[in-house]
Amino acid sequence: MDFQAYQQVIHVNSKGNLFLIGEAEYQARYDDEEPLMILPIQGKKDVAQIRHVVDDFLLERIPNWKNPARNRILLGLTEAVTNVVKHTPGGQVLLYIDKIGPRFHVIDEGTGLEFNRLSCLLFAKGFSTSGSLGAGFPLMIRFFKQILVCSSTMGTKLVLRSDLTQFLRS
Amino acid sequence: MGYFSVLKVMITQGPPNVIFALKGELDLTTSRILRKEVEKIELDKVASITFSLNELKFIDSTGIGQLIGYYRSFAKQHTSVYIDNKNADIEEVLELIGVREIMET
């Protein structure tokens with residue numbers, strides 16, 4: 001199956017919440033933006049450290065950060081950072097704030113996601129390539145409004161877009 | 001950056017029915033703290049283990065995976081494992097991951 005076919009399968013299976021994009025599209029969308037924070041991911045301690053730093057920063061910057069979405073967004077971010085620590089040599093988190101909520105770019109220096117296993121990895125609760133629970137991606141999909149995945153043998157970039165009003169309605 | 005993820009593990013009830021009370025955050029950063037405490041117990045004296053999550057502020061899929069791992073490994077040694085939780089935020093994550101379908105409460 002080619003990249004475009006995978007794009008469509010992932011998009012339909014995620015009900016429009018998840019997109020596969022190429023490096024050129026990622027650069028076109030985001031290369032002109034300056035992140036508000038750049039946080040390195042180097043080891044286990046960074047999983048909690050990044051969560052706390054982001055939480056403190058957003059408490060100062062976003063007036064309604066203390067709403068029901070806060071814990072869910074921080075959990076989704078934690079899952080993404082944990083994946084980087086467990087499966088890759090390292091990476092970084094870039095933080096931006098959009099009108100509807102914070103946006104995180106979780107970038108790793110791994111060997112990329114295998115497209116032929118991507119559907120299982122993203123949607124099947126319990127599917128894991130490492131013997132873990134395999135619940136990380138399903139939680140991220142649940143708690144973020146939209147996820148963009150840009151992956152190649154040079155590494156993976158996840159763009160996690162949140163919507164602070166999303167959980168006020170549910 | 002001077003941030004630390006803290007997990008405190010207290011044994012609030014001893015054998016044969018052990019209760020571990022967890023306070024703080026259980027994730028990849030702190031999972032080893034729980035592992036060290038659990039490794040200290042003498043399994044031949046234990047009939048059941050309860051993990052009390054009522055004072056836990058945060059848990060992720062790594063932390064939940066650790067608890068499910070104990071449930072599965074101790075079951076082979078005929079030791080029951082339970083989770084006690086009344087925290088709504090924690091309960092949401094437990095339910096989403098399907099812990100309640102796997103473990104007894």
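**Getting to know this predicted model**

Visitor: Which residues of α6(A) do the α4(A) residues meet?
Guide: Helices here are DSSP runs of H or I with at least four residues, strands are E runs of at least two, and both are numbered from the N terminus. Contact means heavy atoms within 4.5 Å. On the α4(A) side you'll find Arg72(A), Ile73(A), Leu75(A), Gly76(A), Glu79(A), Ala80(A) and Asn83(A), and they meet Gly136(A), Phe137(A), Leu139(A), Met140(A) and Phe143(A).

Visitor: How many nonpolar residues has that contact of α4(A) with α6(A)?
Guide: Ala, Val, Leu, Ile, Met, Phe, Trp, Tyr, Cys and Pro count as nonpolar, Asp, Glu, Lys and Arg as charged, and the others, Gly among them, as polar. Besides 2 charged and 3 polar residues, the contact has nonpolar ones, and their count is 7.

Visitor: What pLDDT do local features need in this model?
Guide: Residues are numbered from 1 along each chain as its sequence is written, chains are lettered from A and ligands numbered from 1 in the order in which they are written, and side-chain values use heavy atoms, leaving out hydrogens and water. This is a predicted model: totals for chains, interfaces and linings use all residues, side-chain atom pairs count only at pLDDT 80 or more, and local features need at least 70.

Visitor: Is Ser151(A) buried or exposed?
Guide: Ser151(A) sits in strand β5 (residues 146–152) of chain A. Buried means under 20% relative accessible area, exposed over 50%, and partly exposed in between (1.4 Å probe, protein chains only). Ser151(A) has 12% relative accessibility, so it counts as buried.

Visitor: Which side chain does a polar contact of 2.8 Å join to that of Ser151(A)?
Guide: A polar contact is a pair of N or O atoms within 3.5 Å; within protein, one must be able to donate a hydrogen and the other to accept it, and residues adjacent in sequence count only if both atoms are side-chain atoms. A polar atom of the Ser151(A) side chain lies 2.8 Å from the backbone nitrogen of Leu113(A). The side-chain partner, at 2.8 Å, is Thr156(A).

Visitor: Over to chain B: which strands stand at the edges of its sheet?
Guide: Two strands pair if DSSP finds at least two bridges between them. This open sheet of 4 strands has mixed pairing and runs β1-β2-β3-β4. Each edge strand has a single partner, so one side of it is left without a neighbour in the sheet; the two are β1 (7–13) and β4 (80–84).

Visitor: Which residue is the bridge partner of Glu25(B) in β3(B)?
Guide: Strands β2 (residues 17–26) and β3 (residues 48–59) of chain B pair in the parallel sense over 9 bridges. For Glu25(B), the partner in β3(B) is Phe58(B).
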